[in-house]
Amino acid sequence: MFAELNELLGESVERPRQGKLTLLGATKTDASFLVHHFLSFYLKAGCKVCFLAFLQSFSHYNMVAQKLGLGLTSAKERGQLVFLEGLKLSHEVLFSKQQESAEPHPFQFISGDGSNLKALHDFIRGALSPTVGGDTWRCPVLMVDDLSVLLSLGVKPTDVLDFVHYCRVTVNSLLKGNVVVMVHGGEDSVDEENELLGKALRHQSNWILWAEGLATGFCKDIHGQLTIVCRSSWEEKADRDLQQVYQYKIQDKNVTFFARGMSAAVL
């Protein structure tokens, strides 16, 4: 995890927030560092994590986690991390000739019209629900990288939003845990379905972290701009959402943040 980002969010591994939906987004840039941050943060906080990896393989996430001082293999072995590798499972459904199992396959939706994500939701609920006599972890966490891939697999935006709703009911409301999802696209996205998904999730999220490429183009000392939005709830009775904008530079094992125009390369 990145200590500076924790400070900007006011987060601590000793007392992670609960019951929140965090939306991670990217427009014209790679914001995967946000996914790696939250994955390492929740594992170091002692949370039970169910990670739906639709974009990369387990070895990729594990390699990055090792740079951040964390081993995903050991987290899986001790039961703290449940990792669902979407690339491998989609191949199983589309190309393998296995006999039908008594339990539905989490990715069976890609062999149909993509509207029935119940098996995937049931997998998440089973992975994060507490077990009798099992290890005691902190709040459960569902992470998805990234939801936009479901659209590419033929799932309609309304069905993706229904899936997110039921995941929130299970994880946020019933289990008092957190949901973190990544999407791609933005206001200028040419993909209407992706744009619709992103806008709908913005309205539902408690936290929004949106990374964008620089409008001026590539710069070796500034890699992008991060907008952090803390959505006010009716309980807090705030007049408006709290929004902060920072620029950042990605390093080998860290990410540094600074106010716009305050980079050492500019000053």
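Where is Lys176 placed, between α8 and which strand? Select Lys176 and you will land in the loop between α8 and β5 (178-184). Helices (H or I, at least four residues) and strands (E, at least two) are DSSP runs, numbered from the N terminus.

Before moving on, a word about the model. It is predicted, so local features need pLDDT of at least 70 and side-chain atom pairs count only at pLDDT 80 or more, while totals for chains, interfaces and linings use all residues. Residues are numbered from 1 along each chain as its sequence is written, and side-chain values use heavy atoms, with hydrogens and water left out.

**Stop 1**

Next, select Lys28, in the loop between β1 (21-27) and α2 (32-44). Lys28 also is not a glycine and has a positive phi, of about 60 degrees. At 71% relative accessibility, Lys28 counts as exposed (exposed is over 50% relative accessible area, buried under 20%, partly exposed in between, with a 1.4 Å probe and protein chains only).

Now go to Asp146, in the loop between β4 (138-145) and α7 (148-152). The peptide bond leading from Asp145 to Asp146 is cis, with omega near -10 degrees. Most residues other than glycine have a negative phi, and most peptide bonds are trans.

**Stop 2: α8 and its partners**

Show helix α6 (residues 118-128) together with helix α8 (residues 157-174): their axes come within 10 Å and cross at roughly 20 degrees. Axes here are lines fitted to C-alpha atoms, for helices over the stretch in contact, and angles run from 0 to 180 degrees between N-to-C directions. α6 and α8 are therefore roughly parallel to each other (angles under 35 degrees count as such). Their crossing is right-handed, meaning that the near helix is turned clockwise from the far one by less than a right angle.

To see the contact (heavy atoms within 4.5 Å), select Leu120, His121, Ile124, Arg125 and Leu128 of α6, then Phe163, Tyr166, Cys167, Thr170 and Val171 of α8. These residues divide into 7 nonpolar, 2 polar and 1 charged. Ala, Val, Leu, Ile, Met, Phe, Trp, Tyr, Cys and Pro count as nonpolar, Asp, Glu, Lys and Arg as charged, and the others, Gly among them, as polar.

From α8, the contact uses Pro157, Val160, Leu161, Val164 and Arg168; from α9, Glu193, Leu196, Leu197, Ala200, Leu201 and Gln204. By class, there are 8 nonpolar, 1 polar and 2 charged residues.

**Stop 3: the cores**

A nonpolar core is a set of buried Ala, Val, Leu, Ile, Met, Phe, Trp, Tyr and Cys residues joined through side-chain atoms within 4.5 Å. Which members of the largest core, with its 42 residues, touch the most other members? Select Leu5, Phe51, Leu72, Leu81, Leu209 and Leu226 to see them. α2 gives the most to this core, with 8 residues. A second, separate core of 36 residues includes Phe109, Leu142, Leu151 and Val183.

**Last stop: Val82**

Finish on Val82, in strand β3 (residues 81-85). Val82 and Ala127 are 45 residues apart in sequence, yet 6.7 Å apart in space, C-alpha to C-alpha. Leaving out residues up to four places away in sequence, Val82 touches Lys48, Val49, Cys50, Phe51, Phe123 and Ala127.

Key
Parallel < 35°, antiparallel > 145°, perpendicular 65-115°, else oblique.
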